[in-house]
Amino acid sequence: MSEAGGRGCGSPVPQRARWRLVAATAAFCLVSATSVWTAGAEPMSREEKQKLGNQVLEMFDHAYGNYMEHAYPADELMPLTCRGRVRGQEPSRGDVDDALGKFSLTLIDSLDTLVVGLTLLGFILFMICTLKYYEYDHNTVLNKTKEFEDAVRKVLRDVNLDNDVVVSVFETNIRVLGGLLGGHSLAIMLKEKGEYMQWYNDELLQMAKQLGYKLLPAFNTTSGLPYPRINLKFGIRKPEARTGTETDTCTACAGTLILEFAALSRFTGATIFEEYARKALDFLWEKRQRSSNLVGVTINIHTGDWVRKDSGVGAGIDSYYEYLLKAYVLLGDDSFLERFNTHYDAIMRYISQPPLLLDVHIHKPMLNARTWMDALLAFFPGLQVLKGDIRPAIETHEMLYQVIKKHNFLPEAFTTDFRVHWAQHPLRPEFAESTYFLYKATGDPYYLEVGKTLIENLNKYARVPCGFAAMKDVRTGSHEDRMDSFFLAEMFKYLYLLFADKEDIIFDIEDYIFTTEAHLLPLWLSTTNQSISKKNTTSEYTELDDSNFDWTCPNTQILFPNDPLYAQSIREPLKNVVDKSCPRGIIRVEESFRSGAKPPLRARDFMATNPEHLEILKKMGVSLIHLKDGRVQLVQHAIQAASSIDAEDGLRFMQEMIELSSQQQKEQQLPPRAVQIVSHPFFGRVVLTAGPAQFGLDLSKHKETRGFVASSKPSNGCSELTNPEAVMGKIALIQRGQCMFAEKARNIQNAGAIGGIVIDDNEGSSSDTAPLFQMAGDGKDTDDIKIPMLFLFSKEGSIILDAIREYEEVEVLLSDKAKDRDPEMENEEQPSSENDSQNQSGEQISSSSQEVDLVDQESSEENSLNSHPESLSLADMDNAASISPSEQTSNPTENHETTNLNGECTDLDNQLQEQSETEEDSNPNVSWGKKVQPIDSILADWNEDIEAFEMMEKDEL
Ligand code: DMJ
């Protein structure tokens, strides 16, 4: 790594660190450097920008005004029922409620947005003068100062930080502590200007300090990583606290404190906050996986072991990286930059697959951990701008924008071929944030058009009479009674600033840094109260290979003035990245969805045993094929439909089925269970992959169950057992078929069995060739079933049956497969559960009720889509080619072939295809399957083992 390097910006670490600061801050300064746009996207007139900015203000007022009128002092507004969300008074939403501390969250989170609203003053006056483009009641806008003052007074008067309520440390830090500090920062700025807030005497800061002290007990761990939750009144671990027994936290939860805590220390002189936040960051840095330099999603706060070893830039990790870079910018401490650069190098090496960002395993970073991306990663292009790495930022942002254009919003998760994976959208601001930063860096008016689309979509699809409602399903446009505080803290701020010119803003935004919640902290803090001893850690960082930074040079300051078409030239090849990916033709269908058209039969209602449904299917040109292995395949031939309208209905029905099927695949991505034969002569060496049940004892949460196996009579377990003495205290073997799984479970439980194994009656089936699935309940309450139930395909089942014939006494262990794997692989292949990571950050994503309904409705075990959602296999109309069920279910991108209306795949498609083929290794389902020895080889091993044992026994004799 030399100064030379031929690039003119590579330099030894200390110099590079300084250069990075330039790069990082340069991004903010670019707007003036590039304000004259000469080519590419049409420039946007000042009038139109102002009109859009004004529209943002009107939208903010709609959200904030309704919150204040109908919800305040509650934490959040419920925009559909137009009332406040008060924790304890509404059905619990799980961890997502941990953001609510009965402290008027939305008000505090909105404080500095109100001040940003003041920045409109300039252009409002302009509009009053010109009386042009001015559709909004300017009096309200002009009253923002008053609203800010009022809001601060309300916070000081009404907010209680001493409630007996358990809150997320992370959320409370970024939203409440950050909100108070952002409010304080702008209050003192206004006061200094001599016009507003003259009465203000650091009261918000005092509240922030009080809150800071309330959060400190969370750090009472040997590692220094904070507990994920704290009771505002009782702290942690005391009986009244109802928290403190947690062992794990997410990386972002422990690594997103330094900006607020350091600001608090530097504002107040109380160094303890910055010290604690630094300690947590130091610990995370120590625990990074040393060969990949990546961090996992979840960490044990006592041992420092990685609990989840998947790694990405989205949920669970996101703001840890953000805070390393921003801590460097705010605090000027080189060690933060060096850490960030080390991680960034790893991210670009392993996770970035432009335009995609895909999670990998920290120990095997070449192995993808998922085939989908979450919406939270949309902040990353913005962070890349801050770092000065524009090209991949433009690429990823463009890809995300195309997904948005397809679905109006960014779904919570979407697959590598851009299909919806999780359909919710809680009005997240990350994409707007990246759009703002990219516009600042490039000056390309394209990004203003992007912002305009975001505004239009919000007004068109999310606006309701009492605010803005989160999308429950971006495909159907259904709403959720939820308006998160970050919508006000971040979305409006970034959108407003996007359209505001420098002179429109009454303070210099470049003097501030945005926290992860878009709260503003002044950069002058870097030189204030610097009493925290900085670690002189430069030497501890491995020198980075300069070639890894090729794409960061030259910095944006040099780049854009020379080539104003730069951003466009990067976007151009990606123009159709989403549309060109298979499946194709979906847009037409989705347009129909948007216009409200629905097929006469909804996929979720479809019952393969209902003659009326079959009749409708026929009319739509959809035929139903019962496959030999019990699964059902749907094929549509448009020409066989009764009319073109029926053909379109059929297409919509198939589309719904595809979505449903992919949701169900998602559900199936649960860690499989294992049946391990532990008795002589196997001694645990035979581990059979088994499917879990949606009822009974959950082996992922409980200790394994061990016992001898016994066949039940009748073998299908569909009636009271006639041999209860044989199964009493044992694990009963039951054959699949004739009745519901739950019924079998009840019968063997009543006979005294301690567990059950259902063996597939489809001869020759095996987990090597068929996807695992969960045994569904019977649509009724299954809480009465207490024993664990597992499902084995026929080949695996016959190993146990053969063993019984051979050895009579066969003892097995029923367990969660994850626990049986070798430690190196542990967690690596575990499908990422968004909930897990989001739990910690309070951003829970729940399954849509649609999916749940489907499972609940299922009432017939045999040959029905309802009872075997996993068996659904689909093919599309135009090529009329059906696909095999195993292909369909093992690899999402293989849908392409059958859903491609044009019958062609582009290079990108092929790339994705290839990628997905390699992803077979990483697809949780597939890799689990691969990790498990194929049955034939198990049998061969087993025979060898038996022979070896027999030899040994003979020898001993
Ligand atoms: C915000 O609360 C913060 O940006 C956080 O870092 C993660 N995302 C939410 C909004 O989506």
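Start by selecting Ser292. Skipping its neighbours within four places in sequence, Ser292 is in contact (heavy atoms within 4.5 Å) with Ala346, Tyr350, Ile362 and Pro365. Before you go on, know that this is a predicted model, where local features need pLDDT of at least 70 and side-chain atom pairs count only at pLDDT 80 or more, while totals for chains, interfaces and linings use all residues. Residues are numbered from 1 along each chain as its sequence is written, and side-chain values use heavy atoms, with hydrogens and water left out.

Back to Ser292: you'll find this residue in the loop between helix 11 (272-287) and strand 6 (298-300). Helices (H or I, at least four residues) and strands (E, at least two) are DSSP runs, numbered from the N terminus. Is Ser292 buried or exposed? With a relative accessibility of 3%, Ser292 counts as buried; the cut-offs are under 20% relative accessible area for buried, over 50% for exposed and partly exposed in between, using a 1.4 Å probe and protein chains only.

Ser292 and Pro365 sit 73 residues apart in sequence, yet 6.6 Å apart in space, C-alpha to C-alpha. Show Ile362 too: its backbone oxygen is 2.8 Å from a polar atom of the Ser292 side chain.

Two strands pair if DSSP finds at least two bridges between them; strand 12 and strand 13 (residues 413-415) have three. Click Met373 and look across to Phe414, its bridge partner in strand 13.

Then select helix 14 (residues 380-387) and helix 16 (residues 430-442). Their axes come within 7 Å and cross at roughly 30°. The axes are lines fitted to C-alpha atoms over the stretch in contact, and angles run from 0 to 180 degrees between N-to-C directions. Angles under 35 degrees count as roughly parallel, so helix 14 and helix 16 are roughly parallel to each other. Among the residues making the contact are Phe380 and Val385 of helix 14 and Phe437 and Leu438 of helix 16.

Last, go to strand 24 (residues 686-690), where five of its five residues are buried. Val686, Leu688 and Ala690 are on one side, with Val687 and Thr689 on the other. Bring up strand 23 (residues 673-677) as well: five bridges join this strand to strand 24, and the two run antiparallel. Gln676 stands opposite Val687.

Conventions. Polar contact = N/O pair within 3.5 Å; in protein donor to acceptor, adjacent residues only side chain to side chain. Parallel < 35°, antiparallel > 145°, perpendicular 65-115°, else oblique.
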